[in-house]
Amino acid sequence: MAVRASRLKRVLGAVTATTLLAFVAACGGGDSDASASGGDVTLEFAQWWGAELPAGEFDKIISDFTAQNPNIKIKLLSAPYASTKQQLVTGAASKTLPDVVGLDGAWVSDFAKQGAITDLSKLMTDANYDSSQLASQVQLKGKTYMIPVVNFIYPLFVNKDLLAKAGVAKTPTTRSEFLDAAKKISATGGDVKGWALPLDTAVPNGVQNDVMSWLWASGGSMLADGKPALQTPAVKSTVEFVKSLNDANVIAPGSLTMKEQDKVEKFTQGQVGMMIDSLAHINLIKKNKPDLKFEVAAIPAEDGYTGKRGIPYASWGIGISNSTKHKAEAWKFVSYLMSQQTNSKLSTIANGFPGNKTSEPDFSTSDPMFKTAFDIYKEGTVANEFVGLPKSEDLMRSFDEQLQLVLTGKSSVDDALAKAQENWSSVIE
Amino acid sequence: MTLLAPKTAEPVEQAAPPKRSTLARRLVPYGYLSPTLILIVVLMVVPIVMVISYSFRDNVIVQDNSVFAGLANYTKVLTDPDFLAALKNTAVFITVSMAAHLVLGLTFAMMLNTQLLSGVTKAVFRIVYILPWLFTIAVVAVIWRMLLDPSGVVNYVLHTLGLINEGVNWLGDPGKALWAVTFINIWSGYPFFMISLLAGLQGIPNDLYEAAAVDGTNWFQRFLHVTLPQLRPVIISMAVLDLIWTSQQFALIWMTTGGGPLNTTEMLSTYTYKQAFSEYEFATASAAAVLVLLITMVLAFFYVRSQRER
């Protein structure tokens, strides 16, 4: 036993020594600030935009910047949305975020609380930046953490052929007109349904885009003074409206596990007559089904509502890492993206709407529907109350689960909203 | 004596240098082992220890001021109805998958091992049977999402055959979703069983079958008393490994149902993921992960024991 013990000790000793040596070598090797060399600064910019833009277009915008600022280099870390999100969540946790980060409004609260993204208000003041040109800023406790660079609105998409076939002359503008149109479209037979509602819980953004959008379109709110307010008549009437669509059997089947891409696919294939979707998908739909006749319109509001209509939107937001050593250079890059000229160019190629108020997208070469959508955008007001909320995906998921209980007849609207209110209250303090 | 004296003195004089060389010689093997040991420590020991330590703390990762929380995270996880539902779903998912993998794998392996078919026919079937295993899980998920869509191919075929009247919601119906994802997992996983069992079948000496035939046994008796006992070690190993692998299945669930509808396909893996990357509750996610680790270790224990018996 004694021999074994001493042998074990020797083995452990050797292993520990070697491991320590390896660690010391690993930690000591190389300059930790690899981004700076010879006075030049290299900024890492993680985003999902490059993956969604036509090939090479984003690189052109970046190379214009590096041509104007020869001492700053931009290293693009482009990945799809979901991968970028995971990369940033882990980066924020380990305080190793890239210098400049593409942000979704839904992540801001969590990243800001972790101290992973920096206060942009201070950088704007330091750089004497005129923030009045910005269309919006995502703030927490009066400090700006994200600036929306390009906004994508979510209007109502309507299949004109199906609407005509169903005998509906006019695109619905109120909830009752919508229900009526959805019923008539569903009655045309086959697999065709009036509306698609993706409620998959893996990515529960259907709650934001396809459910709460009805609330915001009628000027309603799910919050009161920043606290959850889900048991209000406005929210109740929204959920009851969705339930009435479900009871009327006008929603495409499989909605409880349907994903956003399924919704777009069903609309493209003419299996659903109407959907609420990102404007960014116009090109995709046209590419996959060039002969589909469809139009975009404002989301129908409650009967009799005359106020401004809230339009759900998503943004390509931008923020700066709190741990970067090059905040001034990073801000220079951000202000370049937000400049009138660059922002116009970026929003044009992205088919979105500019984050700089003075920028105008160029519609001369784009689909006429973008012009229509821009008019809807200017007439209404952008609304997305999930932006800036903590754990917003979790909030959407818990609401989603309650809504699924309502739609499967396992819970009443009142009980579901009470439960959702309770869940939300524990998250939003 | 005069001859002996220098002989005893000699080893004393020469003892010192060999001692040093023996020590160096003994350390050399550890030097060779060290790259592997370092990798094991850095890639396995450190992360596992970190996750275990997170599971006993609160506010980990997302806040700087994490505090010791004792067993609070474990209590929270073990009393969470969602976790218990995930545990139950995982148990159903892995046992049904494993049983079906075994039955299908053994059936197809025996078909491929038969002497009634020609070599070419067997080669063709071997390729056909193994196809599901060649797709990555993302492709499997996309294919089956399309096939099982309410207006997809499966419903079309069933409707044409007059077996159903209207589109069935395979993945969207809370009563059917778990069975649908289990079916997809069975489809994608049986070929590995088949290949391993086929190798096992080909290793069974023909003499045993001949001896049994001489004893007057029928086909089923030979299967029961020759084939199964001979395949036993392979079957046990594969069954335990399959339980372990299937319990870690995340991508398939995430890409087909995401744990829904109404949590009916929530697995331990998806539950843990949601805790970590949606709720940012890394402490409870770590506690759930440690519980999964313990369950997997129990299975691994049986696997190691079955290997030792061999």
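Asp277(A) and Lys263(A) are both buried, where buried means under 20% relative accessible area, exposed over 50% and partly exposed in between (1.4 Å probe, protein chains only). This is a predicted model, in which local features need pLDDT of at least 70 and side-chain atom pairs count only at pLDDT 80 or more, while totals for chains, interfaces and linings use all residues. Residues are numbered from 1 along each chain as its sequence is written, chains are lettered from A and ligands numbered from 1 in the order in which they are written, and side-chain values use heavy atoms, with hydrogens and water left out.

The side chains of Asp277(A) and Lys263(A) meet in a salt bridge at 3.7 Å, N to O; the term calls for a side-chain nitrogen of Lys or Arg within 4 Å of a carboxyl oxygen of Asp or Glu. This pair links distant parts of the chain, 14 residues apart: Asp277(A) sits in the loop between strand S11 (272–276) and helix H12 (282–288) of chain A, and Lys263(A) in helix H11 of chain A. Helices (H or I, at least four residues) and strands (E, at least two) are DSSP runs, numbered from the N terminus.

Over all chains, the structure holds 21 salt bridges. One of them joins Asp414(A) to Lys236(A), with the closest N and O atoms 3.3 Å apart. Here the partners lie 178 residues apart, Asp414(A) in helix H17 (residues 413–427) and Lys236(A) in helix H10 (residues 233–247) of chain A. Asp414(A) is partly exposed at 43% relative accessibility, and so is Lys236(A) at 27%. Glu177(A) pairs with Lys170(A) at 3.0 Å between the closest N and O atoms; Glu177(A) is partly exposed at 30% and Lys170(A) at 47%.

Helix H6 (residues 137–147) of chain B has Val140(B), Ala141(B), Trp144(B) and Arg145(B) buried. These four sit on the same side of H6(B) because they cover an arc of only 125 degrees around the axis, judged from the directions from the helix axis to the C-beta atoms. The cover over them includes helix H11 (260–268) of chain A, along with helices H5 (119–134), H8 (177–202) and H11 (251–256) of chain B. Across chain B as a whole, buried residues make up 40% of the 310 residues.

Definitions and conventions:
Contact = heavy atoms within 4.5 Å.
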